[in-house]
Protein chains: 2
Amino acid sequence: MTYCVGILVQDGLVMIADTRTNAGVDNIATFRKLHVFEKPGERLITLATAGNLSASQSVLSLLSDGIENPETGEVETLFTVSSMFKAAQLVGRTIRRVYEMDGIEMEKRNMTFDVTMLLGGQIGRGQMRLYQIYAAGNAIEATTDTPFLQIGEPKYGKPILDRAIAHDTSLVEALKLGLISMDSTLKSNLGVGLPIDIVVAKRDALKASVTYRIQEDEPYFRDLRDRWSAALRAAHQAIPHPPYAEEAL
Amino acid sequence: MTYCVGILVQDGLVMIADTRTNAGVDNIATFRKLHVFEKPGERLITLATAGNLSASQSVLSLLSDGIENPETGEVETLFTVSSMFKAAQLVGRTIRRVYEMDGIEMEKRNMTFDVTMLLGGQIGRGQMRLYQIYAAGNAIEATTDTPFLQIGEPKYGKPILDRAIAHDTSLVEALKLGLISMDSTLKSNLGVGLPIDIVVAKRDALKASVTYRIQEDEPYFRDLRDRWSAALRAAHQAIPHPPYAEEAL
């Protein structure tokens, strides 16, 4: 399993991904799922992957080699496309190519071709954008109404984002909320695990403002988890008792 | 979809269930999912249901008529069984009977026979117990290590229970935590909806201490939701900024 979240607020973009892969609980490993394609001053693109590891890795290898755009005949990579929309189309086409290479045979063996990706970033003077790209290569985009997208195991970490993330949330609060959302997922799902990779990019900076990996026992993340648990405990204890239970219990 | 949670702590049992059923988002309805079988002073049994509505309703009807115990030849109901373990076996046998009646034909039509139940309560001098019973009729039981069980859509509401519920949690805190867990699920999943049914039973009381339905706009539940949202907001804002983001953001 996997948990990746992308949050696109007024001031910029936060991308967070865990690194655990598993084929059964007895076969777990660490693989980077958050990838950065950066040419400072020109473009900052981040790609987070979930689903079948062989499919994700093949997509990344093909993206690195470049694939031909059927309309123009040109070989494109994430370093050559001229807009984030074209970047999303390129990733979608690459996923389709991998489906043709491996997915059809996988399905014949009753395996699911279940790759999903988050693509966030900004190119030149274009808008900063955040897309979720599906196994069929189609994509949806985050908007001011729905400023975050999740892939992998979204449910444990969704309630805090639903409550707290808005378009005008500051970038550092968005980062903290993303980490809390990750913590909730880590606590409840063994398929999601440390280290955690983070990229934060301010709007129009055209470079990563923060690139960081949270390792096991990193003091700040441990402190965040402890403070959050303590605050939740205090919060539920401070809520008055239900009037209908006051006398009976 | 459905969300039901059962919490068995030192002082007693909390059962909470929503009432929304849906066959697609354009066909929603309200059905009670939390049922009480009570003979005060002798037994208090509660049954919460998730999954296919026709299967749940057929199980309840059969349980009410009673079904024959193949070992003793006697017709049993939840009012006649002599222990909670026998009650769990009776519910399991009843689910198997409904599978034979309807489930086999459902599967021929590519429908899943996906009924799951929570059975909690106490009979006479026996222990208070909480079971989760699966579509195959087999069951697991809550223990002091894992004092809560969830059916339906468990993920949104699991993090708060994972963090806060322990065997020595008081009964009224367990009720509040169950309601917070329900609120998180309501906020993130349209398939779960008000009214919410609650039963709380103190250990050895052999009757329901609280039986209550939370309707839309009930002031206490609205207040709990508001306080919880406000506390979460204050909690994440009070967490210091990550040191690695301090300068950059």
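Which backbone oxygen does the side chain of B:Thr19 reach? The side chain of B:Thr19 reaches the backbone oxygen of B:Pro195, at 2.8 Å. This is a predicted model, in which local features need pLDDT of at least 70, side-chain atom pairs count only at pLDDT 80 or more, and totals for chains, interfaces and linings use all residues. Residues are numbered from 1 along each chain as its sequence is written, chains are lettered from A and ligands numbered from 1 in the order in which they are written, and side-chain values use heavy atoms, with hydrogens and water left out.

**Interface of chains A and B**

- 51 residues of chain B are in contact with 51 residues of chain A, contact being heavy atoms within 4.5 Å.
- About 4,500 Å² is buried between chain B and chain A, and carbon and sulfur atoms give 70% of that area; buried area is the accessible area (1.4 Å probe) that two parts lose on being put together, summed over both.
- Of the area that chain B buries against chain A, 19% is supplied by B:Arg163, B:Tyr244 and B:Leu249, more than by any other three residues.
- Four salt bridges are counted between chain B and chain A, a salt bridge being a side-chain nitrogen of Lys or Arg within 4 Å of a carboxyl oxygen of Asp or Glu.
- A:Arg163 and B:Asp183 meet through their side chains in a salt bridge at 3.1 Å, N to O.
- There are 20 residue pairs in polar contact across the interface of chain B and chain A, both residues at pLDDT 80 or more. A polar contact is a pair of N or O atoms within 3.5 Å; within protein, one must be able to donate a hydrogen and the other to accept it, and residues adjacent in sequence count only if both atoms are side-chain atoms.
- On the side of chain B that touches chain A, the elements that give two or more residues are α3 (158-164), α4 (171-188), β13 (196-202), β14 (210-214) and α5 (219-238) of chain B. Helices (H or I, at least four residues) and strands (E, at least two) are DSSP runs, numbered from the N terminus.
- α5(B) provides the largest share of that side, 13 residues.
- By class, the side of chain B that touches chain A has 30 nonpolar, seven polar and 14 charged residues. Ala, Val, Leu, Ile, Met, Phe, Trp, Tyr, Cys and Pro count as nonpolar, Asp, Glu, Lys and Arg as charged, and the others, Gly among them, as polar.

**Helix α5 of chain B**

- α5(B) has 20 residues and reaches 28 Å from its first C-alpha to its last, close to the 28 Å expected at 1.5 Å a residue; the expected span is 1.5 Å times one less than the number of residues in the helix.
- Among the buried residues of α5(B) are B:Tyr220, B:Phe221, B:Arg225, B:Trp228 and B:His236. Buried means under 20% relative accessible area, exposed over 50%, and partly exposed in between (1.4 Å probe, protein chains only).
- The cover over the buried residues of α5(B) includes α3 (158-164), α4 (171-188) and α5 (219-238) of chain A, together with α3, α4 and β14 of chain B.

- B:Thr19 lies in the loop between β2 (12-17) and β3 (20-22) of chain B and is buried, with a relative accessible area of 0%.
- Leaving aside neighbours within four places in sequence, B:Thr19 is in contact with residues including B:Phe31, B:Arg32, B:Leu194, B:Pro195 and B:Arg213.
- B:Pro195 is in the loop between α4 and β13 of chain B, and the peptide bond from B:Leu194 to B:Pro195 is cis, with omega near -5°.
- In chain A, a cis peptide bond with omega of about -5° joins A:Leu194 and A:Pro195.

**Buried sites in chain A**

- A:Ser56 belongs to helix α1 (residues 53-65) of chain A and is buried at a relative accessible area of 4%.
- Not counting residues up to four places away in sequence, A:Ser56 touches A:Thr49, A:Ala50, A:Gly51, A:Val115 and A:Met117.
- A:Gly191, in the loop between α4 and β13 (196-202) of chain A, counts as buried at 10% relative accessibility.

**Positive phi**

- Most residues other than glycine have a negative phi, and most peptide bonds are trans.
- A:Asp204 has a positive phi near 70° and is exposed, with a relative accessible area of 57%.
- B:Asn110 has a positive phi of about 60° and counts as exposed at 73% relative accessibility.
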